[in-house]
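Please read the points below with the model open beside them. They are notes for a first look at the structure, in plain terms.

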Amino acid sequence: MSLVKLDQVHKYYGDFHVLKGIDLNIKAGEVVSIIGRSGSGKSTLLRCINGLEEYQQGGISVDDKEVTSEDIQVRRLALSVGMIFQNFNLFPHLTVGENIMLAPTIVLKKSKSDAGTIAKAMLEKVGLGDKFDSYPEKLSGGQQQRVAIARALAMNPKVLLCDEITSALDPELVGDVLKVLEQLAAEGMTLVLVTHEMNFARDVGNRVVFMHQGKVWEQGDSKTLLSEPKTEELKQFIGAVL
Amino acid sequence: MIDFSNWDIVRNLLFATQWTVLLSLAAFVCGSSVALCLSAIRLTRNPVMVRFVKVYIELFQGTPLLMQMFLCFFGLSMMGYEISAWGAAILSLTLFTSAFLVEIWRGCIDTLPKGQWEASRVLGMNFLQTLRFIILPQAMRVAFAPTVGFSVQVVKGTALASVIGFVELTKAGTMLNNATFEPFKVFIFVALIYFALCYPLSLFSQFLEKKYHVAR
């Protein structure tokens, strides 16, 4: 049973054909890394899965519900799909605790105290239990990204989409964020990551999807695919990043 | 002929000043409310509504406030709607104020990163929730200073209401001049009172600018 299902998805920006018929099935509990050069359509693909971008042909469904970019659908979808961005996108006028509690209170209609309990638990989980009352600007990039993860987790999503979430971080902070992801993967969370962290993709991911020119060029078990690439393009890509 | 002492002139002008203040406040409050609605409409990205707001802005920014006042006052009465000078002044100043505030606030809202909208959306918040909890609180901090700065224009704009017969500070000055034949003295007083109203607003605006821009 697939949790996320893409069927011949085509996406255009004006005349530019970004996604050229993507087929992809992601099972619950899978950790899938999407790799590829910039401009290959990785982020666009991710943003189609949660309705932030429209697609023009084909079908996407999450948890058996069809994805469209209509506002109401996107919001229903938000209950099963969490997303973490490259630039964290925390709300700077709210404390860390308020950042996490906001959506559970106003979207899921939880009480303040329930939301607070969840927020504290999620912060503990990402190792920031003592930052509840801090403002985002007082935190390092790595800490901010972990707050963003806690904020997404507080909505209890079935799948978490991560859009290059370590790319804006200083190298020494990347590890903390990856450790949180690794822990989530071990707990059985479904993760779809657009990433440049090849080691992470190999060691923690189950599957790697290599995108090239708007197509799924090659995909398979992460260890096999990265050690024995079949296509010339993937060989070149691996050679360039490792 | 009655003799007017300086105090008589100032006393009468100060009395009329309350109408200037009242008119400014009314125009500012009504103008802000209309601008708030127009800003929300603009943000829905509904093409027809966005177009409407755009035309509104162009129309009321692109014509002199005095013309708008004439149209509100004389135009409406010719169409059969009885409107007082006070009503026409508030109406036209509201249109004028809102047209400028929408533009000022647009700039403030657009300084917020697109990611704030996207993050709200993927957390399941709807448009109004996003506006209320995420966008407005942040945009307001940026908007305070230029909004207070613009209020100076509103205060000065109320002077035009004298032309349609509303007795505020400028009109009182004209009337006193007709009685005293001392234009220089009378209008110096008028100017000083306007300055006393506007200068604190400018200072306040500068203070807000420093406060919020350093804090960010």
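1. Helix 1 of chain A. The buried residues of helix 1 of chain A are A:Lys42, A:Ser43, A:Thr44, A:Leu45, A:Leu46, A:Arg47, A:Cys48 and A:Ile49. A residue counts as buried if 20 or more other C-beta atoms lie within 10 Å of its own, as exposed if 12 or fewer do, and as partly exposed in between, with C-beta atoms placed from the backbone. Helices (H or I, at least four residues) and strands (E, at least two) are DSSP runs, numbered from the N terminus. Since 8 of the 8 residues of helix 1 (residues 42–49) are buried, this helix is largely enclosed by the rest of the structure. Just after helix 1 of chain A, A:Gly51 has a positive phi of about 80 degrees.

2. Basis of the note. This is a predicted model, in which local features need pLDDT of at least 70 and side-chain atom pairs count only at pLDDT 80 or more, while totals for chains, interfaces and linings use all residues. Residues are numbered from 1 along each chain as its sequence is written, and chains are lettered from A and ligands numbered from 1 in the order in which they are written.

3. Chain A overall. Chain A has 9 helices and 10 strands. Its C-alpha trace spans about 55 × 40 × 35 Å along the principal axes. For 242 residues, a compact globule would have a radius of gyration near 18 Å, and the 18 Å of chain A agrees with this. The radius is taken over C-alpha atoms, and the globule rule is 2.2 Å times the number of residues to the power 0.38. Of the 242 residues, 48% count as buried. Among contacts between residues at least 6 apart in sequence, 63% join residues at least 24 apart. A contact here means that the C-beta atoms of two residues, placed from the backbone, lie within 7 Å.

4. Domains. Chain A is divided into domain 1 (1–80 + 161–174 + 192–235) and domain 2 (90–157); such bounds come from an automatic or database domain assignment. The contact between them takes 8 residues from domain 1 and 6 residues from domain 2. On the domain 1 side there are 6 nonpolar, 1 polar and 1 charged residues. In this count Ala, Val, Leu, Ile, Met, Phe, Trp, Tyr, Cys and Pro are nonpolar, Asp, Glu, Lys and Arg are charged, and the others, Gly among them, are polar. The C-alpha centres of the two domains of chain A lie 26 Å apart.

5. The sheet. In chain A, 4 strands form an open antiparallel sheet in the order 2-1-4-5. Strand 2 (16–27) and strand 5 (65–66) stand at the edges with a single partner strand each, so one side of each is left without a neighbour in the sheet. Two strands pair if DSSP finds at least two bridges between them. Strand 1 (residues 2–13) and strand 4 (residues 57–62) of chain A pair over 5 bridges, and A:Leu6 has A:Ile60 in strand 4 as its bridge partner.

6. The core. Which residues have the most contacts inside the largest nonpolar core? They are A:Ile49 and A:Val192, in a core of 118 residues. A nonpolar core is a set of buried Ala, Val, Leu, Ile, Met, Phe, Trp, Tyr and Cys residues joined through C-beta atoms within 7 Å. Helix 4 (residues 85–110) of chain B gives the most to this core, with 12 residues. Domain 1 and domain 2 of chain A both give residues to this core, so it lies between them. Not counting residues up to four places away in sequence, A:Ile49 touches A:Val4, A:Ile60, A:Val62, A:Val67, A:Val81 and A:Leu161.

7. The chain contact. The contact takes 17 residues from chain A and 15 residues from chain B. On the chain A side, helix 2 (71–78) and helix 3 (96–106) are the elements that give two or more residues. The residues on that side divide into 12 nonpolar, 4 polar and 1 charged.

8. Single residues to check. A:Gln8, in strand 1 of chain A, has a phi near 50 degrees, a positive value in a residue other than glycine. A:Gln8 counts as exposed, with 12 C-beta neighbours inside 10 Å. A:Lys109 also is not a glycine and has a positive phi of about 55 degrees. A:Lys109 is exposed, with 9 other C-beta atoms within 10 Å.
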